[in-house]
Amino acid sequence: MFDRPRSGERAILVHLKFPQEKNREELDEFRELVSSAGAIPIAVVKGSRSSPHPRYFVGSGKAEEIRIAVEEHNADVVLFNHELTPSQERNLEELLKCRVLDRTGVILDIFAQRAQSHEGKLQVELAQLKHLSTRLVRGWTHLERQKGGIGLRGPGETQLETDRRLLGVRIKTIKKRLNKVQGQRQQGRRNRKRRDAITVSLVGYTNAGKSTLFNRISGAGVLAEDKLFATLDPTMRRVDIGQGEHIVLADTVGFIRHLPHDLVTAFHSTLEETREADLLLHVVDASSERRDENIDSVNIVLDKIGADEVTQVIVYNKIDMLPDTPARVDRDETGKVWRIWVSAVTGAGIDDLRKILHEVCYEQADKYQQQDSFEFEEYDEHDSRNMAG
């Protein structure tokens with residue numbers, strides 16, 4: 001139902017500049033998203049506005065400019081680097097006579113292509129259905145109300161209402177399946193805790209090099225491409241970090257600026273692996289000009305899923321792309337590790353990273369054991385006094 005061609009779609013990109021931070025997006029990042037979706041950008045229409053137009057998002061003059069570009073380039077789709085309302089999408093499609101997708105639609109399209117596991121496919125479909133449910137009306141505005149048959153005289157149910165009801169049934173079915181998978185994940189986490197297994201999750205902005213770093217540390221063969229959202233399905237491996245100690249390392253989906261709410265909700269069970277981790281390695285593309293903004297975007301998502309209080313170490317990756325930047329470990333004034341510089345491609349700094357993992361994970365584990373022991377001793381003393389009284 002939702003499959004689309006992986007390539008060959010000629011696309012017109014639309015990018016506007018807004019003074020408000022909430023509407024501000026990066027054109028270069030959007031180009032990467034479009035390429036990852038398999039579309040071919042053939043033209044870019046730029047502009048600026050103080051606020052979105054209620055009918056077309058862009059002004060009527062800019063909408064006409066887009067229409068002319070669609071005709072000149074024989075475009076198949078127009079992609080907006082912004083969030084469109086269902087009515088804006090519908091109005092634009094009527095004017096442009098071609099398919100229109102907003103930024104969320106492009107990201108959902110990429111997720112639909114990349115999901116491989118059963119859980120991942122269910123999560124993507126759930127996000128798509130929620131997104132589609134608000135846009136159903138555009139497909140059925142030309143239909144009249146259905147008429148009932150013998151014994152069912154009356155207006156009956158509109159096609160729109162029928163589709164909404166069927167979508168609601170499908171959404172409930174998917175949620176039930178995901179709840180079952182979520183229960184299996186929780187059982188797996190409980191088993192790891194019983195074995196005192198320390199879990200470390202890789203988090204970070206999409207295309208920061210998390211999968212490459214995961215492969216370098218674990219020796220796994222996880223797909224690592226120079227594309228946005230190359231990894232959707234979480235992968236976990238047992239990793240030797242030296243001195244006879246092991247951790248469970250998890251590679252997770254990458255985050256992005258203004259990650260669609262439906263995706264955060266749909267991938268909640270997957271993102272719980274991040275929230276329940278003992279340590280987060282926040283992987284950052286050190287060569288990116290927007291690395292500080294990307295760090296903030298990731299921290300916003302971590303806050304949304306309740307993982308903001310998990311211990312975090314920042315890993316500045318891709319130092320091979322920075323001149324005169326050696327591998328090193330940065331500590332704060334108390335000697336605590338807060339940042340490490342590595343290259344997952346060349347292996348520079350990976351040995352230091354393993355040492356840091358051992359230091360942070362097992363010092364933290366010792367601290368928790370001491371706290372548990374202290375609480376247990378206090379409880380015993382208090383309990384014995386009550387018994388004596």
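**Exercise 1.** In this predicted model, find how much space lies in the largest cavity and describe its lining by residue and by class.

*Solution.*
Step 1. The largest cavity holds about 90 Å³ of space. The model has three cavities of 30 Å³ or more.

Step 2. List the residues that line the largest cavity: Glu9, Ala37, Gly38, Ala39, Val77, Leu79, Arg99, Leu101, Val106 and Asp109.

Step 3. Sort this lining by class. Six of the residues are nonpolar, one is polar and three are charged. Gly counts as polar.

Step 4. Assign the lining to elements. Strand S3 (77–80), strand S4 (99–101) and helix H4 (103–114) each contribute at least two residues to the lining of the largest cavity.

**Exercise 2.** Are H4 and H5 roughly parallel or roughly antiparallel to each other? Give the angle and the distance between their axes, then describe the contact.

*Solution.*
Step 1. Two packed helices are described by the angle between their axes and the distance between the axes.

Step 2. For H4 and helix H5 (residues 118–133), the angle is about 155° and the axes are 10 Å apart.

Step 3. Angles over 145 degrees count as roughly antiparallel. H4 and H5 are therefore roughly antiparallel to each other.

Step 4. The crossing of H4 with H5 is left-handed.

Step 5. On the H4 side, the contact is made by Thr104, Gly105, Leu108, Phe111 and Ala112. On the H5 side, Val124, Ala127, Gln128 and His131 take part.

Step 6. Sort the residues of this contact by class: five are nonpolar, four are polar and none is charged.

Terms used: Residues numbered from 1 in each chain as written. Predicted model: local features only at pLDDT ≥ 70, side-chain atom pairs only at ≥ 80, totals over all residues. Heavy atoms only, no water. 1 Å grid on protein atoms, 1.4 Å probe; cavity = no way out; pocket = protein on both sides within 12 Å on 5 of 7 lines; lining within 4 Å. Points joined across faces, edges and corners; volume = space filled by probe spheres on them. Helix = DSSP H or I, 4+ residues; strand = E, 2+ residues; numbered from the N terminus. Axes fitted to C-alpha atoms, helices over the stretch in contact; angles between N-to-C directions. Parallel < 35°, antiparallel > 145°, perpendicular 65-115°, else oblique. Left-handed = near helix turned anticlockwise from the far one by under 90°. Contact = heavy atoms within 4.5 Å.
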